[in-house]
Amino acid sequence: MGNLVAIVGRPNVGKSTLFNRLTKTRQAIVSEEAGTTRDRQYGKCEWCGKEFSVVDTGGWVVNSDDIFEEEIRKQVIVATEEADLLLFLVDTQNGLTDWDQDVAKILRRTKLPVILVANKVDNSNQQFDAMEFYKLGLGDPQCISAATGSGTGDLLDLVLEKLPSAKDEDDFIDDTPRFAVVGRPNAGKSSLINAFIGEDRHIVTDIAGTTRDSIYTKYDKFGFDFYLVDTAGIRRKNKVSEDLEFYSVMRSIRAIENSDVCILMIDATRGIEAQDMNIFQLIQKNNKSLVVVVNKWDLVQDKSQKSIDTFINAIRERMAPFTDFPIIFASALTKQRIFKVLETAKDVYLNRKVKIGTTKLNEVMLPIIEATPPPSIKGKYIKIKYCAQIPDTQIPSFVFYANLPQYVKEPYKRFLENKIRENWTLTGSPINVFVRQK
């Protein structure tokens, strides 16, 4: 299972800029105003063939009267308990502050590896300014400029060196399919698993975020044989005051990374919200298969087909362009359609393993491509002559051989993916489409 790296530090030291640099996105808002990042951002970073998750926390201000800063501080405390490595960012231009010292005092107590990162080192002379951070007692400051990228390569080398070896849970779990039940707090994840196994194996309360550690439940009833992965585990007493939603996010990342199919729970009484979309994006980034379950359907007054169609359309519109996934309306409390969830998840897992013969693939796809070829660019016509499925991949992956592959853009790749889905049953499974030189 992948590792988690959390970026922590006081406000306005450049955490969001570093997050964007590591994940190669512009996902986090960057501003000169301190405390801009209130919510958490999470993404994937790849370096030297290795991949890990990155979490951008809000600015940490100790002993502040600002309620937002108190919540941000809670998020970082959760990060210190749940991450595998911490990047403690300090600002070389502003120098050492009391806030930095307070943060360092707490970080010195953690057993996690901590890398002290001196940011905003834009020239060689400023490297001498970073020397004062030795006072924090966290080792050598790693000098970088998140804005320009200077020093980030050396930082990533150090991150890979200090990260613990990948946690491979396959050491004690066989090749049985793993289904992760994920969703925002209080969406009914533990209730669904309890309904599956017919016993109160997991604590269920109305308090959002009761579940804490990822728990594997072997399910082998009624012809089904797989592991159910609850997103977290049982509440520990020392975590009563934590930011529950952030904890859910941290645990969801781990559960998603170590699953084959994700069962995304959506609360029918609240509809699809931003947190649902965040978890959906995590599922997509990790190339996991998807089943959407609209839970608590028994509490909805209007159960007409029109209401169902409206709900389905809203979900697919929010999650576009990936829309080929099953949506099930169920109730974990009354056990309405819960076995339909299992049947669908099993089918989706099998779709992930679909193999399409090369001859059949070319018979179907080449006439479609000939009728709707890629648009010409700069007067050059693109010809696709051959296609095949790549063997031994985690998800169905297809390669199309063309004379000018560099001119085939994403919209046409989506067109090819849609045509593959129209002709073969790959519902719920992600697909890779590559275009290579003929």
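Q: In this predicted model, what makes arginine 421 count as buried or exposed?
A: The relative accessibility of arginine 421 is 11%, and buried means under 20%, so arginine 421 counts as buried.

Q: Why is the contact of aspartate 324 with arginine 421 called a salt bridge?
A: The closest N and O atoms of aspartate 324 and arginine 421 are 3.0 Å apart, and because the limit for such a nitrogen and a carboxyl oxygen is within 4 Å, the pair is called a salt bridge.

Q: Which parts does this pair tie together?
A: Aspartate 324 lies in the loop between α9 (305-319) and β12 (327-329), while arginine 421 belongs to helix α12 (residues 410-423), so the pair ties together parts that are 97 residues apart in sequence.

Q: Which residues do salt bridges that share partners join into one network?
A: Lys44, Glu51 and Glu257 are joined into one network in this way.

Q: How do you know that glutamate 257 and lysine 44 meet in a salt bridge?
A: Their side chains come to 2.8 Å, N to O, and the cut-off is within 4 Å, so the contact counts as a salt bridge.

Q: Why is lysine 120 called partly exposed, whereas aspartate 91 is called buried?
A: Lysine 120 has 21% relative accessibility, and because buried means under 20% and exposed over 50%, lysine 120 counts as partly exposed; aspartate 91, at 1%, counts as buried.

Notes
Residues numbered from 1 in each chain as written. Predicted model: local features only at pLDDT ≥ 70, side-chain atom pairs only at ≥ 80, totals over all residues. Heavy atoms only, no water. Buried < 20%, exposed > 50% of the residue type's maximum accessible area, 1.4 Å probe, protein only. Helix = DSSP H or I, 4+ residues; strand = E, 2+ residues; numbered from the N terminus.
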